[in-house]
Amino acid sequence: MKGLSVSKAVTALMLAGLVLLPLYSSVSGNIFILTLFTRIVILALAAASLNLIMGFGGMMSFGHAAYLGIGGYAVGMLAQEGVGSGFIQFPVALAASAIYALVIGALSLRTRGVYFIMITLAFAQMAYYVASGLARYGGDDGLTVYKRSDFAGLINLSDRAQFYYLCLACLFGVIFLIWRIVNSRFGLVVQGLRSNEQRMQAIGFPAKRYQLVCFVISGTMCGLAGALLANNTDFVSPAVMYWTRSGDLMVMVILGGMGTLFGPVIGAVVYLLLEEFLSQITEYWALIMGPLLLLIVLFGRGGIMGLLGRIGRG
């Protein structure tokens, strides 16, 4: 029980901090921290979506960043063509991500293990090179989003605090949806397939169908993060789909704790704060970050959430 209380207390403190952050930023006049945490919240959403298939579903996708790019390019390309309404941009971003996830899932789920990982990576790299070849939309140089999504005056995305709370609301909504999914009959079947796929098939569950639906839901959630990211940076480029970004998302999930509800959020906060702090100290920050993450993973089995549980149990 102590382990549970420690992890819950840390999670509650983190969530309270995220909610109150704009107030601190306003009082202190520190605008940078709000900008930084807006990015963190968006990538935490992407990590949470990956955790749905990787942590709960046992599907190790190495191409999840493709949906970040697809969602971002949907917003950027529509804005470039004069369609600035968020009520059009965001549904298109979600639909495009869902369709791409459906294609990837339908093909990659025919394989297992390292072959599954390589196929998802290949599709992500394919999206990367396609985006790099779109000369009309910036090609390698990326695409500038000159105007943020317009929601008919309901919310002003150019206002930092309003946009932050929109991102935070999307994160909480996605986490709530994941909680409902994993505790539903559908989610229990997906988790059962992670543990023993052959036994679940023998019982009579159509394994690939359940996994494919879960895969599409996860990709759609990540597409939402991509749409928010394009609005946050006012820019989208093929680099967001590169395999290293997928690796970053995987590290966030593993660091926080795979198969836990708030683990990816904690992982994203810790990872990105470490990245920001170390990059201010030295340009070789990655040489310090790598061993630090390795130590956490080696001695903190189950990620930070698992480590907190063991600390609470003494």
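Predicted model: local features only at pLDDT ≥ 70, side-chain atom pairs only at ≥ 80, totals over all residues.
1. Helix pair. Helix α2 spans residues 31-54 and helix α11 spans residues 263-281. Their axes come within 8 Å and cross at roughly 135°. That angle makes α2 oblique to α11. The crossing of α2 past α11 is right-handed.

2. Contact residues. From α2, the contact takes in F32, L36, F37, R39, I40, L43, A44, A47, A48 and N51. On the α11 side they meet P264, V265, A268, V269, L272, L273, E275 and E276. By class, the residues of this contact are 14 nonpolar, one polar and three charged.

3. Loop residue G259. G259 sits in the loop between α10 (243-256) and α11. Its relative accessible area is 28%, so G259 counts as partly exposed, between the 20% and 50% limits. Leaving aside neighbours within four places in sequence, G259 contacts N51, G55 and F56. N51 also belongs to the α2 residues that meet α11. G259 and M305 lie 46 residues apart in sequence, with their C-alpha atoms 10 Å apart.

4. Annotated segments. The unreviewed UniProt entry lists "transmembrane region" for residues 86-107, 114-131, 163-182, 210-229, 249-274 and 286-308.

5. Two of those segments in the model. Residues 210-229 are 100% helix and 0% strand, and their end C-alpha atoms are 29 Å apart. Residues 249-274 are 77% helix and 0% strand. Here the end C-alpha atoms are 15 Å apart.

Notes. Residues numbered from 1 in each chain as written. Heavy atoms only, no water. Axes fitted to C-alpha atoms, helices over the stretch in contact; angles between N-to-C directions. Helix = DSSP H or I, 4+ residues; strand = E, 2+ residues; numbered from the N terminus. Parallel < 35°, antiparallel > 145°, perpendicular 65-115°, else oblique. Left-handed = near helix turned anticlockwise from the far one by under 90°. Contact = heavy atoms within 4.5 Å. Nonpolar A, V, L, I, M, F, W, Y, C, P; charged D, E, K, R; others polar. UniProt positions renumbered as here; feature names shortened; annotations may be inferred. Buried < 20%, exposed > 50% of the residue type's maximum accessible area, 1.4 Å probe, protein only.
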